[in-house]
Amino acid sequence: MDNSQNASYQAGQAKGQAQEKGNQMMDKASNAAQSCKETMQETGDQAKAKAQGAADAVKNATGMNK
């Protein structure tokens with residue numbers, strides 16, 4: 001292989017490695033976003049349940065639940 005072919009080969013290798021690294025970073029970002037979405041959904045569900053429990057407690061205390 002002459003110098004020009006070697007340089008071309010090396011450039012191709014570097015490009016492939018950079019693309020793979022980019023894909024890995026995108027996967028990590030996607031996973032982090034999905035995890036955040038799930039956490040926020042769980043937090044919202046917990047807040048909703050607490051609010052419903054508080055509303056029910058007020059209704060029970062005031063006799064509005066009958």
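A residue is called buried under 20% relative accessible area, exposed over 50%, and partly exposed in between, with a 1.4 Å probe and protein chains only. By this scale Ser30 is partly exposed, with a relative accessible area of 45%. The model is predicted: local features need pLDDT of at least 70, side-chain atom pairs count only at pLDDT 80 or more, and totals for chains, interfaces and linings use all residues. Residues are numbered from 1 along each chain as its sequence is written, and side-chain values use heavy atoms, with hydrogens and water left out.

The secondary structure of the chain comes to 1 helix and 0 strands. Helices here are DSSP runs of H or I with at least four residues, strands are runs of E with at least two, and both are numbered from the N terminus. The radius of gyration is 28 Å, well over the 11 Å that the globule rule gives for 66 residues, so the chain is more spread out than a compact globule. That radius is taken over C-alpha atoms, and the rule is 2.2 Å times the number of residues to the power 0.38. Along the principal axes, the C-alpha atoms fill a box of roughly 90 × 10 × 5 Å.

Helix 1 covers residues 3–62, which is 60 residues. From first C-alpha to last it reaches 88 Å, close to the 88 Å expected at 1.5 Å a residue. The expected span is 1.5 Å times one less than the number of residues. At the N-terminal end, Asp2 caps helix 1. A side-chain oxygen of Asp2 lies 3.1 Å from the backbone nitrogen of Ser4. Just after helix 1, Gly63 takes a positive phi of about 80°.

Distances were computed for residues within the helix. Ser30 lies in helix 1. Ser30 and Gln19 are 11 residues apart in sequence and 16 Å apart in space, C-alpha to C-alpha. Ala14 also lies in helix 1, and is partly exposed at 44% relative accessible area. From Ala14 to Asn3, 11 residues away in sequence, the C-alpha distance is 16 Å. Lys15 lies in helix 1 and counts as exposed, at 55% relative accessibility. The C-alpha atoms of Lys15 and Asn65, 50 residues apart along the chain, are separated by 68 Å.

Of the 66 residues of the chain, 0% count as buried. The chain has 8 positive and 7 negative side chains. Lys and Arg count as positive and Asp and Glu as negative, while His and the chain ends are not counted.

Definitions and conventions
A polar contact is a pair of N or O atoms within 3.5 Å; within protein, one must be able to donate a hydrogen and the other to accept it, and residues adjacent in sequence count only if both atoms are side-chain atoms. The place of a charge is taken as NZ of Lys, CZ of Arg, CG of Asp or CD of Glu.
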